[in-house]
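Let's take a walk through this protein together.

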Amino acid sequence: MQILAPVVDSLRMAFFMFWDTLWPLIFGFGLSGAVQAFVSRSDMQRVMGDHRPKTLGITSILGAASSSCSYAASAMAKSLVHKGADFTTAMVFMLASTNLVIELGLVLWILIGWQFALSEYVGGIIMIGLLAVVARFFFRPALVARARQRLAEQSPASAEEEHRADPGGEHVAPLARRLRSPAGWADAATYTMADLVMLRKEM
């Protein structure tokens, strides 16, 4: 019985850790699927198509608002790149999503003080700044082009659907109409499940 109690405690802790992680995973992968289904390539390139300081600032705010676990954040970054976002900007979104976590900052503030919450945000901003600087030297256009090509080869079906939905950025239905489309939500669910399958393979 002395051995059984620690085993039960371990299983209980594992369950609650899984439960706490499940919701950021669901939110992150669901958001990734929604981006792939509803956001057109032209809209993505207009908002996140470069890595100017203003764009990186907006992207950091969006990433912080979408706070999710690292697996879901990587799936989201993949979706952004696939939709035409600048590679550096997509990486900044992923960093902000995992290092500028609003709810974690609140927990740190309540439990161990505002200094620790502030250090989390300052550290995240420094990481984003360093990434923006280093990316100029390491994320060469040829390397990014090969990454995009490989991504397109891995998901040819979604590339074909994207071409039908956004052929050159013309005749794209308004976002409000796309959000009311049952077919659009079915596509979002399909993309979400595809990202989950990708996670299973990577793990």
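Arg52 is exposed, with a relative accessible area of 53%. Here, exposed means over 50% relative accessible area, buried means under 20%, and partly exposed is in between (1.4 Å probe, protein chains only). Asp50 is partly exposed, at 22%. The side chains of Asp50 and Arg52 meet in a salt bridge, 3.3 Å from N to O. That term stands for a side-chain nitrogen of Lys or Arg within 4 Å of a carboxyl oxygen of Asp or Glu. Search the whole structure and you get 1 salt bridge.

Keep in mind that this is a predicted model, where local features need pLDDT of at least 70, side-chain atom pairs count only at pLDDT 80 or more, and totals for chains, interfaces and linings use all residues. Residues are numbered from 1 along each chain as its sequence is written, and side-chain values use heavy atoms, leaving out hydrogens and water.

Of the 203 residues, 35% count as buried.

Have a look at helix 7, residues 114-138. Its 25 residues reach 35 Å from first C-alpha to last, close to the 36 Å expected (1.5 Å times one less than the number of residues). Its buried residues include Gly124, Ile128, Leu131 and Ala135. In an α-helix there are 3.6 residues a turn, so residues three or four places apart point the same way. The buried residues of helix 7 pack against helix 3, helix 5 and helix 6, where contact means heavy atoms within 4.5 Å.

Notes: Helix = DSSP H or I, 4+ residues; strand = E, 2+ residues; numbered from the N terminus.
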